[in-house]
Amino acid sequence: MISDDKLKDILLRENYVSAENIAKAEEKAKERGSSFVDWLFEEAIISQDTLGQAVAEAYDIKYADLGSNPPVKELLLKLPEAVAKKFKAVPFKEDATKVIVATDDPKQTGIVTEMEKFFAGKKVEIYYANTQDINDQFINFRRTLKTRFSEIIEKSEKFAPEVLSEIFNDAINFHASDVHFEPQETETIIRFRVDGALQEAGKIPKEYYENILNRIKVESHLRIDEHTAAQDGSMRYTNPEGYVDMRVSVVPILDGEKVSIRLLSQYVRSFTMSDLGLAHDDEERLEKFSKKPFGMILVTGPTGSGKTTSLYAVLKMLNTPDKNITTIEDPAEYRITGVNQIQVNSQTNLTFAKGLRSIVRQDPDIILVGEIRDNETAEIAVNAALTGHLLLSTFHANDAATAVPRLLDMEIEPFLLSSTLEIIIAQRLVRKLCEKCRKSLSLSTAQIKEKYPEAAKYLPEKASLYVAPGCEACNHSGFKGRTAIFEMIEMTKEIKAKIMEHPSSEEIRQIATKAGNRTMFEDGLDKVLAGVTTLDELIRVANPPE
């Protein structure tokens with residue numbers, strides 16, 4: 001591995017970063033106990049490709065950008081899967097005399113000799129590639145789940161662990177957020193939720209499902225003799241690449257027991273403010289309010305809109321040795337080093353409200369409440385924000401303006417709300433266009449009005465929109481990954497004064513619009529015109545302003 005010192009020398013020598021940025025990054029790394037590179041990513045000073053190029057230079061070899069220039073599948077499959085994974089290597093390019101192989105460990109023993117066995121008579125040249133880019137290419141080796149299930153069941157009576165490993169490895173490789181096991185009359189369908197959309201991954205004959213279900217229950221510490229009641233648990237799946245924590249839900253349906261498993265993505269652990277997708281001025285506003293010593297920051301949106309991820313990114317920015325940060329969550333999905341996290345527990349009557357009362361007595365600087373669900377929690381949260389604590393929480397509301405009347409309906413005193421609430425953020429998730437197959441699509445004003453009548457007046461004339469026909473990198477869906485669209489309502493003097501009059505959401509919205517706040521649709525439109533997502537995707541989750 002390349003040492004931090006050598007990496008710093010390369011970054012400075014090649015003018016990737018300035019000496020001031022390196023000094024700042026080292027200072028932040030010392031505060032957080034992390035790598036100096038994390039801060040450079042967070043501030044968007046360097047990208048993964050820039051880092052890859054720097055590491056390649058440290059090895060004195062060339063860099064293979066597998067993300068932008070993936071190898072063709074036919075070339076990749078010339079190398080057996082076992083060899084590719086052993087050496088973390090993939091063939092990148094080939095001509096009549098040589099083959100270029102990309103790996104994240106160019107100095108490993110025997111890699112050139114081993115590669116030459118599969119490319120006889122050709123010179124093997126080694127390039128460096130990022131680990132994640134190499135792992136993404138391994139999807140090309142996967143055969144259908146049905147084929148692998150048949151082989152496993154034929155050779156082993158204890159097939160359940162192996163079948164589950166195949167399913168979970170596929171789910172991880174495809175960056176699925178959820179895995180569903182749905183028993184039907186004669187078979188069980190397995191579906192993955194990828195980038196917010198469900199897709200069928202495979203099927204299991206019904207007679208084999210009970211063994212797999214029992215294995216899931218055992219791993220999740222659930223009762224295997226309970227078939228008529230819903231059960232919730234958790235498990236950890238470990239493979240050679242690391243581990244993934246999973247939240248498990250089992251419910252009885254007409255044809256058996258349905259299982260839904262949420263994969264708690266490891267990337268959230270390294271998620272930063274700059275990864276959220278905020279416009280630059282919105283990011284600065286959120287950072288400004290996050291650094292206040294007291295007050296309340298609320299994030300609203302439906303279930304699965306990324307609210308908790310956004311708050312975790314704020315917490316990681318604030319997580320320094322001089323701050324006492326305590327959270328109460330249901331569930332506490334991701335562990336953050338240096339943060340005291342409390343799990344709601346209905347069996348011991350540890351509710352949000354009771355936990356929050358205890359937190360206030362723990363001398364916190366910053367408090368995160370997973371969700372404000374009831375009047376009691378709302379009242380304690382507001383009082384905590386009033387008495388010298390910065391309080392972050394999520395709240396179910398359709399948009400930012402609706403949060404104010406909803407909190408007033410929960411019997412929060414208007415003067416308390418206007419004194420504590422600092423900013424409300426509403427967000428939704430949209431799928432990102434695949435960067436590998438994305439292309440622009442020029443439409444005339446008439447075509448835009450015909451295809452998008454409700455959005456036409458917000459688009460410039462002859463706007464360039466983007467589409468993606470699909471490719472192997474995005475599993476032919478045209479989308480890869482998700483980002484958020486936001487609206488922020490800052491509690492200005494005008495809004496705080498209006499709160500005293502029990503305003504409607506429309507009154508709050510009008511004041512915010514006059515102050516220059518953008519709607520989620522307007523934020524999303526910037527992402528559409530930049531080629532991040534499609535107009536159809538934006539309209540699916542956010543309506544144009546009336």
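Trainee: How many cavities of 30 Å³ or more are counted in this structure?

Mentor: In this predicted model, the count comes to 2 cavities of 30 Å³ or more. A space is called a cavity because a 1.4 Å probe fits there but cannot get out.

Trainee: What makes a residue part of the lining of the largest cavity?

Mentor: A lining residue has an atom within 4 Å of a cavity point. Glu-487, Met-488, Ile-489, Arg-509, Ala-512, Thr-513, Asn-517, Arg-518 and Thr-519 line the largest cavity. Strand S18 (479–490) and helix H20 (505–514) each supply at least two residues of this lining.

Trainee: How is the lining of the largest cavity divided into nonpolar, polar and charged residues?

Mentor: The division is 3 nonpolar, 3 polar and 3 charged. Asp, Glu, Lys and Arg count as charged, and the lining includes Glu-487, Arg-509 and Arg-518; these residues therefore belong to the charged group.

Trainee: Which residues line the second largest cavity, and how do they divide?

Mentor: Leu-276, Leu-278, Leu-286, Ser-310, Ile-425, Gln-427, Phe-486 and Met-488 form its lining. They divide into 6 nonpolar, 2 polar and no charged. Strand S15 (421–433) and S18 each contribute at least two residues here.

Trainee: Which residues of helix H1 (residues 4–13) are called buried, and why do they line one face?

Mentor: Buried means under 20% relative accessible area, and the residues of H1 that are buried are Leu-7, Lys-8, Ile-10 and Leu-11. Seen down the axis of H1, these buried residues fall within an arc of 165 degrees, so they line one face of the helix. Exposed means over 50%, and on the other side of H1, Asp-5 and Arg-13 are exposed. Asn-15, which follows H1, has a positive phi, near 60 degrees.

Trainee: Why are strand S6 (197–205) and strand S7 (231–239) said to stand at the edges of their sheet?

Mentor: The sheet is open, with 6 strands in the order S6-S5-S4-S9-S8-S7 and antiparallel pairing. S6 and S7 each have a single partner strand, so one side of each is left without a neighbour in the sheet. Neighbouring strands of this sheet are turned by 20 degrees against each other on average, direction ignored.

Trainee: How do you know that S7 and strand S8 (residues 242–253) pair?

Mentor: Pairing requires at least two bridges between two strands. S7 and S8 are joined over 9 bridges in the antiparallel sense, so they qualify as a pair. Asn-239 stands opposite Gly-242 in S8.

Definitions and conventions: Residues are numbered from 1 along each chain as its sequence is written. This is a predicted model: local features need pLDDT of at least 70, side-chain atom pairs count only at pLDDT 80 or more; totals for chains, interfaces and linings use all residues. Side-chain values use heavy atoms; hydrogens and water are left out. On a 1 Å grid over the protein atoms alone, a cavity is a set of points where a 1.4 Å probe fits but cannot get out, and a pocket is an open set with protein on both sides within 12 Å along at least five of seven lines; lining residues have an atom within 4 Å of a point. Grid points are joined across faces, edges and corners, and a volume is the space filled by probe spheres set on the points. Helices (H or I, at least four residues) and strands (E, at least two) are DSSP runs, numbered from the N terminus. Buried means under 20% relative accessible area, exposed over 50%, partly exposed in between (1.4 Å probe, protein chains only). The arc is that of the directions from the helix axis to the C-beta atoms. Axes are lines fitted to C-alpha atoms, for helices over the stretch in contact, and angles run from 0 to 180 degrees between N-to-C directions.
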